[in-house]
Amino acid sequence: MTFYEEVGGYATFEKIVGVFYREVALDPVLRPMYPEEDLGPAAERFTLFLAQYWGGPSTYSEKRGHPRLRMRHMPFHVDPDARDRWLRCMRTSLDEVQLSPMHDAMLWDYLERAAYAMVNTMEPSGIGPAPAGRSTLETRSSSQDSTENT
């Protein structure tokens with residue numbers, strides 16, 4: 001039996017993700033990272049990903065290809081604060097769903113490691129897509145040049 005089956009299948013992952021996105025919608029740092037007005041499409045993608053990862057159907061890969069998590073998150077400003085906020089939302093979700101202690105620990109371990117792996121900047125500013133919220137090396141260099149020339 002897979003982890004997916006042991007915890008109750010797709011319905012359990014839908015609950016986890018539903019509570020998670022309820023919390024994300026309330027967070028002023030995380031919410032702007034989801035440009036869609038409706039969080040439904042993001043929730044569906046995340047549910048499909050988690051279900052597949054934990055032994056459920058391969059629908060995520062069939063629809064979206066390889067997960068490539070780091071690549072898919074690279075356009076967003078994911079600093080330690082965003083990571084910690086993401087983990088708080090997920091912790092609330094797992095607490096509400098009330099998996100068995102063993103399943104909770106296994107899932108939490110994975111989610112915590114994944115959250116740390118998604119951090120792509122230590123810069124404390126910027127929200128949402130990186131091009132609008134995070135300067136590139138080129139823009140930092142040109143702004144330094146312009147201030148040095150004045």
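Reader: What makes arginine 83 count as sitting over the ring of tyrosine 116?

Author: In this predicted model, the charged end of arginine 83 is 4.0 Å from the centre of the tyrosine 116 ring. The cut-off is 6 Å from CZ of Arg to the ring centre, with a limit of 35 degrees from the ring normal, so a charge listed as sitting over a ring has passed both tests. Arginine 91 is placed likewise over the face of tryptophan 108, at 4.8 Å from the ring centre.

Reader: Why is the pair of phenylalanine 20 and tryptophan 86 called edge-to-face?

Author: By the ring-centre rule there are 11 aromatic pairs. For phenylalanine 20 and tryptophan 86 the ring centres are 5.3 Å apart and the planes stand at 65°, so the pair is edge-to-face, since centres must lie within 6.5 Å and planes over 60 degrees apart take that name. Phenylalanine 20 belongs to helix α2 (residues 10-26) and tryptophan 86 to helix α6 (residues 80-97), so the pair ties together parts that are 66 residues apart in sequence.

Reader: How do you know whether tryptophan 86 is buried or exposed?

Author: The relative accessibility of tryptophan 86 is 18%, and buried means under 20%, so tryptophan 86 counts as buried. Phenylalanine 20, with a relative accessible area of 0%, is buried too.

Reader: What makes tyrosine 21 and phenylalanine 46 an edge-to-face pair?

Author: Their ring centres are 6.3 Å apart and their planes are at 90°, so the pair is edge-to-face. Tyrosine 21 lies in helix α2 and phenylalanine 46 in helix α3 (residues 40-53), so this pair ties together parts 25 residues apart in sequence. Tyrosine 21 and phenylalanine 46 are both buried.

Reader: Why is the contact between arginine 22 and glutamate 96 called a salt bridge?

Author: The N to O distance between the two side chains is 2.5 Å, and the rule asks for a nitrogen within 4 Å of a carboxyl oxygen. Arginine 22 is in helix α2 and glutamate 96 in helix α6, so the pair ties together parts that are 74 residues apart in sequence. Arginine 22, at 37% relative accessibility, counts as partly exposed, and so does glutamate 96, at 43%. A network of salt bridges links Arg22, Glu23 and Glu96. The structure holds 8 salt bridges.

Reader: Which salt bridges does arginine 85 form?

Author: One is with aspartate 27, where the closest N and O atoms are 3.0 Å apart. Aspartate 27 lies in the loop between α2 and α3 and arginine 85 in helix α6, so that pair ties together parts 58 residues apart in sequence. Another is with aspartate 81, at 2.9 Å, N to O. Arginine 85 and aspartate 81 are 4 residues apart in helix α6, which means a separation of about one helical turn. Arginine 85 is buried at 19%, whereas aspartate 81 is partly exposed at 34%.

Reader: How do you know that the span of helix α7 agrees with its number of residues?

Author: Helix α7 (residues 101-118) has 18 residues, which at 1.5 Å a residue should span 26 Å, and its end C-alpha atoms are 26 Å apart. The buried residues of α7 include His103, Leu107, Trp108, Leu111 and Met118.

Key:
Residues numbered from 1 in each chain as written. Predicted model: local features only at pLDDT ≥ 70, side-chain atom pairs only at ≥ 80, totals over all residues. Heavy atoms only, no water. Helix = DSSP H or I, 4+ residues; strand = E, 2+ residues; numbered from the N terminus. Expected span 1.5 Å × (residues − 1). Buried < 20%, exposed > 50% of the residue type's maximum accessible area, 1.4 Å probe, protein only. Phe/Tyr/Trp six-rings, centres within 6.5 Å; stacked < 30°, edge-to-face > 60°.
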